[in-house]
Amino acid sequence: MKYTKRIDGRKFDELRAMKAEVGVVKNAVGSARFQIGKTVAIAAVYGPKDLFPKFLQKPQSARLRCNYNMMAFSGSGERVRPGANRRSKEISMVIEKAFEPVLDLSEFPKAVVDVYIELIQTDAGTRCAGICAASLALADAGFDMKDLVCAVSCGLVGDQVVVDLDKPEEDFEGGAVDIPIAMLPRTGEITLLQLDGEISKEDLKKAIEAGKEACKKIYEVQKAALRAKYAQEVVA
Amino acid sequence: MSKLVIEERQVVIPGDTLAEGMDFLPGKGAFREGDNIISSRLGITNVSGRIVNVNALSGRYIPRRDDVVIGYVKDMSYSSWFVDVGCAYEASLSMKEATADFIERGSSLSDYFGIGEIILTRISNVTKEGNIDLTMKAPGLRKLHGGKIIEITPSKIPRVVGKQGSMISLIKDKTGCSIFAGQNGRIWIRGANPEAEKLATEAIQLINDKAHTSGLTERVGAFLEQHALEMQK
Amino acid sequence: MMVSRDYIESVIAKQMRIDGRKFDEYRKIEIEYGVSSKSAEGSARVKIGDTEVVAGVKLELGSPFSDKPGEGSIMVNVELLPLSSPLFESGPPSIDAIELSRVTDRGIRESKAIDFKKLCVREGEKVWLIFIDIYPINAGGNLFDACGLVALAALRDAVFPKLDGDKIDYHVKTKTKVPLTKLPISCTVWKVNNELIVDPCLEEEMASNARLSVVYTEAGEICAMQKGGDSPLTSEEIAQILDLAEIKSQELRRHFK
């Protein structure tokens, strides 16, 4: 089906409005909030600390453990039953893998670093918003990382390649393909890639390229948020 | 042509280019990629000769040999104590390193250091695997009685101490508190009354929040001056 | 800050608190509505000093209890997220989370702040169920009062979704407010070193060995209580706590004006 105009009026390569803030959970070692459109994610980092049971320990570095969760009221329809489910466990795992290539935890063998990601409100793109928040929180916590990680969903709505699908677009009656990607902004390498739907190889390549361009814009927002925390205020 | 892209004491974030060309070397918090030196952390730059470092502005304590730290006694075995020094691993204090006294076979270790007690101690050894040994055998190391402990980002302790201890002396003078700053970010404060301790706490918190800025000594001095007056009223 | 119990007690003994407040003084309170207005039927955020909690209200249709065929119901659930404190762990709800949930639930239920009869859709068949889910974002002491306040704030913000026969259309909200007729306010008084304080910071909370939560309605009726901690309270102390909590609950209620 033809998709000639986006439901919320954006251009096809336009992201929703973004807002990022670092240091939002005082108790945590590092934390951040990332909002894109109406999707709001908070991430907090704790550790490194002892890891039990022992068989989970890695001898050469700390283990990164991510925990993605949607608050019970944050869904688009009915209440989400609290607690982990198959979906949240899989998402937590792919988020961990999205950070493996950049995060250097070799200074903390056998320990664990916990990243908790909570969604307060959702309008699609939750795992990507979670990754953007977690990336800021890990940097805020002072861990060595080769790069930040930027993530966005791209894909197809009807016959049109778009970036940053919202919920109405995911549910488009003419069909939609959702492709969450995470990218390392300096090298352009991809660390998360999933796809839901049906798409031609040509369109897929176009969508990923559009997603990568979108990630560069996210990167700018993330950098600004990190620098804002330490912006030197003018001393009167 | 090699050149620095950043200034000294500039806040940088992971992925920022710090220097171009082969004349510079990556130090702490930095790595080389092709011709460039890149920052691997959120921190503040420090160039020493050809080496470009990024000092962290956050994060938990990373234990180093000879650091003097403040620890909480967590547990004990037949022959040693286990101490929380605020890092990823528990440290251990052996009987031999704990006291010059002769401890008789079978006597209770809690007569010396009990669970929950606070000690000023020194890290005598750290292994890559995270084994940390402590010692009490050096001047000044002891159990800390009374007072309170506040925790700040460990990498900011040098700012709290200041050049030749100037900053910490300033706070001690203006508040009349006894203060020990452990390298692990824990600071012990004991003063004549809770108000004095609160003032010292706030001054240290100010340093923690503004450690990346310049003119910190003047700022803290002014802060203490202003509040010391209020306290006298 | 890591201060020992002895230190907290010594400061309290000098008739002071570590952050300079008076015994009966709350930290700064902020209430914000609609923090999840796209997803939840009602939502709010409450900050008390460093403590921050969010809550969301979801409405569902269900069958009534057989003994109350014409009444809907509420369900309060507090989850102590490990995101909000190094002291909380992942896994099934801890006993602390369950206690917080139940005390918050009781204050709303027993005060009859919600008119359950107005939640009836078809007697004996379909009624509205109100789910209130509460999450700390940063746990810095006094979660009891924070949870009580945020639950009320989220309820005040809540409207019914559109009903299409027996199906709820969550994308369309009506203008009908959830029938909240009273504002039951929880005030928890903590005993530290034989003195009574309100709104403890985390360290004070850990140094306390007895507490009493009292929920007052605006008419001055007490609708729920919960004593916690290992130590007993004397009748005199309970009388003092009731007086203090009454004054403080009136003060807290002003945040809803």
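This is a predicted model: local features need pLDDT of at least 70, side-chain atom pairs count only at pLDDT 80 or more; totals for chains, interfaces and linings use all residues.
For my own reference, pLDDT is the predictor's confidence in each residue, from 0 to 100, and helices (H or I, at least four residues) and strands (E, at least two) are DSSP runs numbered from the N terminus. Chain B averages a pLDDT of 92, with 99% of its residues scoring at least 70.

I noted that residues are numbered from 1 along each chain as its sequence is written, with chains lettered from A and ligands numbered from 1 in the order in which they are written. Local features need pLDDT of at least 70 and side-chain atom pairs count only at pLDDT 80 or more, while totals for chains, interfaces and linings use all residues.

I then looked up the side of chain A that touches chain C, and found 24 residues of chain A in contact with 29 residues of chain C (C-beta atoms, placed from the backbone, within 7 Å). Strand S3 (39-49) and strand S6 (112-121) of chain A are the elements that give two or more residues to this side, and S6(A) gives the most, with 4 residues. By class, I recorded 10 nonpolar, 8 polar and 6 charged residues on this side of chain A, where Ala, Val, Leu, Ile, Met, Phe, Trp, Tyr, Cys and Pro count as nonpolar, Asp, Glu, Lys and Arg as charged, and the others, Gly among them, as polar.

Note on methods
Two residues are in contact if their C-beta atoms, placed from the backbone, lie within 7 Å.
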